[in-house]
Amino acid sequence: MRSRNADWPVHLILIPVSILMLVPFYWVLKTSITGENIFAYPPSILPSDPHLFNYVEAWYSIPFATYFINSILVVFLAIVANILIDAAAGYALTFHFRGKRLIMLIYLSCMMIPFQATIIPAYLITVNLGLVNTLLGIALPHFSHIILIFIFKASFDALPRSLPEAARMDGVPEWRILLQVMLPLARPAIATSVVLTFIWSWNDFLWPLIVVRDDDVSTLPLGLARFLSYFEDTTAALYAFVVMALVPGILVFFLAQRQFIEGLTAGARKG
Amino acid sequence: MAEVRIAGLRKRYGSVEAVRGIDLDIADGEFIVLVGASGCGKSTTLRMIAGLEEISDGEIWIGDRLVNELPSKERDIAMVFQDYALYPHMSVYDNISFGLRYRISDRAEIKRRVEQAAEILGLTPLLDRKPRQLSGGQRQRVAMGRAIVRDPLVFLFDEPLSNLDAKLRVQMRTEIKRLHNRVRTTFVHVTHDQVEAMTLADRIVLMRNGEIEQIGTPDEIYSTPKTAYVASFIGAPPMNLIPAIVDRSAKPMVRFGEVSLPLSDALSARAGPDGRKVTVGLRPEHFVTLGPRSGASASLPIKVDVVEPLGSDTLLFFSLAGVEGIARVPPEQAVRQGERMMLEPNLDRIVLFDAETGKAL
Amino acid sequence: MAIAAQGTSAGRTAGRAGGARSWWTLRRRRALFLFVLLAPSLIIFLLYRLIPLGWNIVLSFEHWSLAKPARFAGLYHYEEMFLYDDVFWEALRNTLYFMLSAVAGIVLAIGLAVLVNARIRGRNVYRTIIFMSYPLMVVAVGIIWRWIYDEKTGLINYALRSVGLIDQPIAFLESFSTALLAIMVAAVWQIIGLYMIIIITGMKSIPGHLYEAASIDGANRWQQFYRITLPLLRPSIFLCLMIGIIMSFTSFDLVFVMTNGGPGHATELLITYIYKTAFNVSKLDYAAALTVFTFFMFLILALVINRFSGGEAGQVEISE
């Protein structure tokens, strides 16, 4: 019980910090279920006349289902593509071959180019590919992430070299070695790539803003921004919409916090 | 079943040469053990036979085919890895049958083979288990089962026993031997353990620094080592190697400082001129203890430093001419630490090596 | 043995049917396999990283718009940028301020990491709460903070007025003096959890016996922090710094939603200015020149920081 006595100054700082971190969540949740005029002053600290009416209004006044399905489709495309493409590249990098250094150099230098620095030509390329205003056009730049390639490579490298060798000697084709031996044993890397790809694609805004024109291919962040610009002064329905857009991300975060953190700090641990 | 012929085999990693020209003919059905200290090139040689390493130079023939150019899956060989290489996510049945599925399309035949191999190895009740639910010895058997069902021309074993504890190692050693007796296929087995080599091999290939030091039956390797290195590597405790000088001033002798031993006629013929520096090799079991004042001419006066009773026999540690020596004597002889006595070597079992080259004379 | 008795198995025949191949062919087959594995990701990065980088550079030296053929422009756009474009300078200044906010965020995060990493009850709860804001949709976060900063009924104005700190409500996001600061606070709120996690990861990799040795030598807790923790955290801190710097380039969403660069250009960042130039007024060539300048400025900054950290802060895609 010695420790609990010594702990109180730490809690004295961390509890207010936690409250500060949580207040924005509370505030938007409170606003979204406030039944009366949200512009009343002073604002009520507790939701007055709590109501789900705003959610109903948000659902009907905007094509929420369309945005949501589009977001899910983009995320799904990106996740499947990342597992296949990044695992394949990561597996290739566990071999020794001529030109490997060059390939590594290409990956590492691509890592130094933020996507934001490529938007203009990327837009022109997407136009040339005929992918403007399509879900594939939104998802394509997310199809491979270098950090995930390296996470897959590290996880394959950690498996005993004798596993693929044994399979190879038994005559198992190379691509089956990857799919049936290596990939099932790289489950943590798969989980990490699913979580990170989800968060990155789900939250992506700038790129859809550039390549999407129509409502029926918009994703949730685009829909949110559009809603904001239609109704210059905000309505409670906007905040209901915000909550609905945040929930899937929060769920994924709570379900897979460990994988998420491991993926993000993969670089930090190497250093 | 097939013979394996290796000619002029080399492996280079950049400027480092791991295997430096190996010539080896393995007869059909023979049990060959490649043995040597770590880094001697034995595993690299095995991996080249397996097709897991490219061959820098030389040839490997399996049966009547030159396999240099064949990928390992077409060489008709099976290998048991040091870490067993079991697929952790597959059941024992799937582990054994996985590779087979790409060779045989007949499912019933696969099942028959797996069940038969499981029967031989006593794995039948374990077929549904995952590798992590198995003991070390059982995993070892699964790895062997995977090799057996392939019905290969050659079995390769890469230090398969080194991950087991001492007791299990002895047990699995017997099992490998039994398997060989049963299938009578060519076995190539790599180990760093000389006991394993002695007990398993039809012929031992002792390697050092990427070259073959000696090839021979266990008895040849043990009794007539070609070099001092072989003598010191094989046998536990190893052969005593004592520096000495050939003395032909009276009758032919080898002299260690103050004491000397007479040479047999056969040895004398090979021992070379007076004053030549040699190393005298004597197995620990080739000594008889005598009382301290024994007048026998061919005996060595020693002081016992340490006594190690092993039960079956007793080891005496002594020093002679500045080197440590070991004698193995019957347990009923009560020897005390610090005791002075005479040791009489079996003069017929003396081996002489050139002091400089280490080669047997 | 029985299995061997059926020696002429299908497997063996299949094995022999392969026939002789040269190592050259084998190598070529393996090279083809590796190429097939690597090609998809390389194509993605070629299309969306390498080609755009080169294209940007080419475009920045041309007069070009979607309808007309390209003409060589020399340094025209760069002259315009450096000599005549006040908005560019304002956006550059704001971006540099944004970088400074990252430093403040990292200092705060180190403090939080020390507290959360202490052996206290509920440390995982604190860690989760502080980190939870990081993975959220930035557009949504921007809308929430807009609402909190609201002049009439925003929580902050309400709180400040309740405790009597101010008489008149402040229009945080509409005022030239507070808008950028307000956005930076929201940005730090969102990313501080990531900094903290990275620093905690760094702390966990410090061997505990170092602290035992130090306390035997009589070092107090502050000395232990200053002499052991901080120096050994160098790689983690540099990684955070790298992320913070990249973020000052990539923080488009928050600004777009909260102020869209306003009032005037008081919250304009280089990235929002690039976006507007390219896609609102369709000056793609000029926007390319802005991008080229911005990219190389950040590249040089990143390389300098990497040099200082001894090459350990190379992992930058984390900020994506």
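Q: Where is B:D76 placed in chain B?
A: B:D76 sits in the loop between β5 (65–66) and β6 (77–80) of chain B. Helices (H or I, at least four residues) and strands (E, at least two) are DSSP runs, numbered from the N terminus. This is a predicted model, where local features need pLDDT of at least 70, side-chain atom pairs count only at pLDDT 80 or more, and totals for chains, interfaces and linings use all residues. Residues are numbered from 1 along each chain as its sequence is written, chains are lettered from A and ligands numbered from 1 in the order in which they are written, and side-chain values use heavy atoms, with hydrogens and water left out.

Q: What is phi of B:D76 near?
A: Phi of B:D76 is near 60°, a positive value in a residue other than glycine. Most residues other than glycine have a negative phi.

Q: Is B:D76 buried or exposed?
A: B:D76 is buried, because its relative accessible area is 5%. Buried means under 20% relative accessible area, exposed over 50%, partly exposed in between (1.4 Å probe, protein chains only).

Q: OK, cis peptides. Which residues does the cis bond in chain B join?
A: The cis peptide bond joins B:A236 and B:P237, with omega about -5°. B:P237 is in the loop between α8 (228–233) and β11 (240–247) of chain B.

Q: Switching to chain C: why does C:E268 count as buried?
A: Because its relative accessibility is 0%. C:E268 lies in the loop between α13 (253–258) and α14 (270–280) of chain C.
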